[in-house]
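Please look at the structure below with its aromatic rings in mind.

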Amino acid sequence: MTLKLTVAFVLAFFVAVAVGKFYIPWLRKIKAGQEIKEIGPSWHASKAGTPTMGGFIFIAACIVVCLTTGFSCMLEGDYRHIFVLVFALIFGAIGFLDDWEKLRKKENTGLSARAKFLLQLVAALVFVVLLRKMGYIKTDLYIPFWNTDVFIPEALYFILAAFIIVGTVNAVNITDGVDGLASGTSLPVCLFFVFVTFKWGPDYLSLGIFASALLGGLVGFLVYNFNPAKCFMGDTGSLFLGGAIAALAFAYDMPLVLITLGIVFIWETLSDIIQVSYFKLTHGKRVFRMAPFHHHLEMGGWTGKKWKEKELFCLFTGVSLVFAIISFLGVYNRF
């Protein structure tokens, strides 16, 4: 098991680096450059034209690993990693449509919010229902830290699951705001799933292979996405990434672990909600200098210190790592 998880990581890393060598110049050639929002920090204007849709780099790595390192799992009748991959790919496809619309219109607005929400909701429902029908999950909710299960009706579970998935996907998307931030924050999340596989045993190997592949793919992608970024993951990458994280939590049958495991993503989303709500209630006042929270820190926060992108990367990745460890302790004694 250790060998396969290691191979999955190493293979994904080298595939991502190799794909990036050819893919990024091609993106430049077709002028697939990112449009920058005018309301964002002024210094982000220099990023205009940086290739977007770079998420294909780690998506390709995951596909290669699932079909090679994960092939033995399929021979044994375990297709959970393929279910997770396909689900994440569907979300990546939704992100690709959004990115394509932005490129076509030459502005930073793609699909309508309603269209994206409906597509994501349908995809989430289909995924959870399929997992249930295949017998991969129960409809009881596992409660981390308390190590117990709570029964809820199946229909309610599906509805709750769909909204958890869509919320997670969009929270990861919101976090993708500065160089390497979503990638770095997701690394400890992937590590969490890899270590859970080590703890829970070979029954979860296929999912561990996917998690290890995503980990290696993201590290390879950071070769090009770390500040100063040579490419951005775009919605193609961020929606795939969010879909993969949400799908893994459900495939491991512990979706509520996302509350602690995804705390950075949740806070980023909450900061956006708080900002908009307070702005409307007070007719123009703000809690943060800019939302989501990483932009607040970039612009001086409440202390006046303007955080650089590399500092934000270290801060968010560090916080994510702490909560990944806490999350691991919360599920350690499940089996």
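A residue is called buried when its relative accessible area is under 20%, exposed when it is over 50% and partly exposed in between, using a 1.4 Å probe and protein chains only. This is a predicted model, in which local features need pLDDT of at least 70 and side-chain atom pairs count only at pLDDT 80 or more, while totals for chains, interfaces and linings use all residues. Residues are numbered from 1 along each chain as its sequence is written, and side-chain values use heavy atoms, leaving out hydrogens and water.

**Aromatic pairs**

- Rings of Phe, Tyr and Trp (its six-membered ring) pair if their centres lie within 6.5 Å, and the planes count as stacked under 30 degrees apart, edge-to-face over 60 and tilted otherwise.
- A search of the whole structure finds 26 aromatic pairs, including the stacked pair of phenylalanine 87 and phenylalanine 127, at 4.2 Å centre to centre with 25 degrees between the planes.
- Phenylalanine 87 is buried at 2% relative accessibility, and phenylalanine 127 is buried at 4%.
- Tyrosine 157 and phenylalanine 250 form an edge-to-face pair, because their planes are at 80 degrees, with centres 6.4 Å apart.
- Both tyrosine 157 and phenylalanine 250 are buried.
- Ring pairs also join Phe192, Phe193, Trp200, Tyr204 and Tyr252 into a cluster.

**Charges over rings**

- A charge sits over a ring if NZ of Lys or CZ of Arg is within 6 Å of the ring centre and within 35 degrees of the ring normal.
- The charged end of arginine 80 sits over the ring of tyrosine 204, 5.3 Å from its centre, and that of arginine 334 sits over the ring of tyrosine 142, 4.0 Å from its centre.
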